[in-house]
There are 2 protein chains.
Amino acid sequence: MARSLNLPVAASPRSVAEFDSARRTVVSAPEKEQAVTGREPGQPPSQDEFREAMAHLAAAVNIMTTDGPSGRCGVTVSAVCSVTDDPPTVLVCLNRKSAMHDVFKANGRVCVNVLDGDQQELAMHFAGVTNVSMAERFTWDIWDPGQQVPVLRDALVTVIGVVKDCKPMGSHSVLFVEIEQVRTRRDGRSLVHFNRSFHRLDSVAPTTG
Amino acid sequence: MARSLNLPVAASPRSVAEFDSARRTVVSAPEKEQAVTGREPGQPPSQDEFREAMAHLAAAVNIMTTDGPSGRCGVTVSAVCSVTDDPPTVLVCLNRKSAMHDVFKANGRVCVNVLDGDQQELAMHFAGVTNVSMAERFTWDIWDPGQQVPVLRDALVTVIGVVKDCKPMGSHSVLFVEIEQVRTRRDGRSLVHFNRSFHRLDSVAPTTG
């Protein structure tokens, strides 16, 4: 990547819209050891309380990309997990308010690029919190040539597959992606988002007592 | 917890069955920088190749518990993510071969305990890789009294809710849990599983260059 930006560390980059709205709701109440909610029976937690809890659910940071008749795009997502290995399937939660939602669905073929510990700036660009256009991002010399969908050359893991199912759930959809191709680096680190900060994990854990 | 065990660090603890089968398939091939698969068009990655890729998708480690007419149990799961905050919903992927699968579904009410960095041994017990019975685990002085479902007192986050939907997908089900109560500690660390090892993340990221 040609540029080096000094970006603020921001809130959970699950999608553009969510990333932005999460930044507006960063908890400003005095810190205390724990926040207990569920004040009345049947009273669900507030949006802020739920987001605060979910900000403490550590997750790998990924950029999901697509290309095809409906266009080329990519978005930073953290709600990704393995579902089953028969057939090999991952799921990705995607905000339905994002214009990209329908592009991913319509193209049908996607790549989930699991980010390396050094790719924090890319996570910020694809979370839409910088002023770099989508078109410009795809001009950078960071992509593997000759792929049907954009594959980040230095990603820790890339999985490419086809959207087999899409389950709407509130503000989001859950895309079920059947995987046709995988590539894993064994020398990389993981970029993890936890408590509204980026962290890097070495592939070998430090000895714990 | 009364005991202190020196347990081997093992493979991805997504459920008992999967944890065990994953341990049997730890990659023994010579290490190389990256493994590229998808050898023939239309040829999916092997189970081992897909598992190797997913072992590099870092994830928080959680113990999901339930109690009710169908019984009390808990299992270590790493495939958990936030879906939407309206209504507040998380999803959990659970192996259908596990006897606990039907207990969670039938009871309907579950607690996802997001583990603190110091709770690695509990993760091992609830992954079923130690010889501690389910009944014994619930005798330890680690649970909050007076709860409908088992709540780990020192968990980093606990979310309690009701299974609203269950989508079968290959070997697993995806449980959609609508959250009614959350509790978040702000002073804790996160227990993360990455590359078949446990890692701890401090709540404040080290400064990165």
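This is a short tour of a predicted model with chains A and B, given as a series of selections.

**Chain A as a whole.** Begin by selecting chain A and colouring it by secondary structure. Five helices and eleven strands are assigned in chain A. Of its 209 residues, 49% count as buried. Now consider contacts in chain A between residues at least 6 apart in sequence: 65% of them join residues at least 24 apart.

**The nonpolar core.** Next, select Val92 and Val192 in both chains. Val92(A), Val192(A), Val92(B) and Val192(B) are the residues with the most contacts inside the largest nonpolar core, which has 106 residues. Nonpolar side chains tend to be buried together in soluble globular proteins. Centre the view on Val92(A) and show its surroundings. Beyond its neighbours within four places in sequence, Val92(A) is in contact with Met64(A), Val77(A), Ala79(A), Val80(A), Val112(A), Leu175(A) and Val177(A).

**The contact between the chains.** Display both chains and select the residues where they touch. Chain B gives 69 residues to the contact and chain A gives 68. On the side of chain B that touches chain A, strand S9 (residues 172–185) of chain B supplies the largest share, ten residues. Coloured by class, this side of chain B shows 34 nonpolar, 20 polar and 15 charged residues. The copies meet through the same surface, because 99% of the interface residues of chain B are also interface residues in chain A.

**An enclosed helix.** Stay on chain B and select helix H2, residues 47–55. Seven of the nine residues of this helix are buried, so H2 of chain B is largely enclosed by the rest of the structure. The buried residues in H2(B) are Glu49(B), Phe50(B), Arg51(B), Glu52(B), Ala53(B), Met54(B) and Ala55(B).

**An exposed loop residue.** Finish on chain A with Asp141(A), in the loop between helix H5 (134–137) and strand S8 (157–169) of chain A. Is Asp141(A) buried or exposed? Asp141(A) has 8 C-beta neighbours inside 10 Å and so counts as exposed.

How values were computed: Residues are numbered from 1 along each chain as its sequence is written. Chains are lettered from A and ligands numbered from 1 in the order in which they are written. This is a predicted model: local features need pLDDT of at least 70, side-chain atom pairs count only at pLDDT 80 or more; totals for chains, interfaces and linings use all residues. A nonpolar core is a set of buried Ala, Val, Leu, Ile, Met, Phe, Trp, Tyr and Cys residues joined through C-beta atoms within 7 Å. A residue is buried if 20 or more other C-beta atoms lie within 10 Å of its own, exposed if 12 or fewer, and partly exposed in between; C-beta atoms are placed from the backbone. Two residues are in contact if their C-beta atoms, placed from the backbone, lie within 7 Å. Helices (H or I, at least four residues) and strands (E, at least two) are DSSP runs, numbered from the N terminus. Ala, Val, Leu, Ile, Met, Phe, Trp, Tyr, Cys and Pro count as nonpolar, Asp, Glu, Lys and Arg as charged, and the others, Gly among them, as polar.
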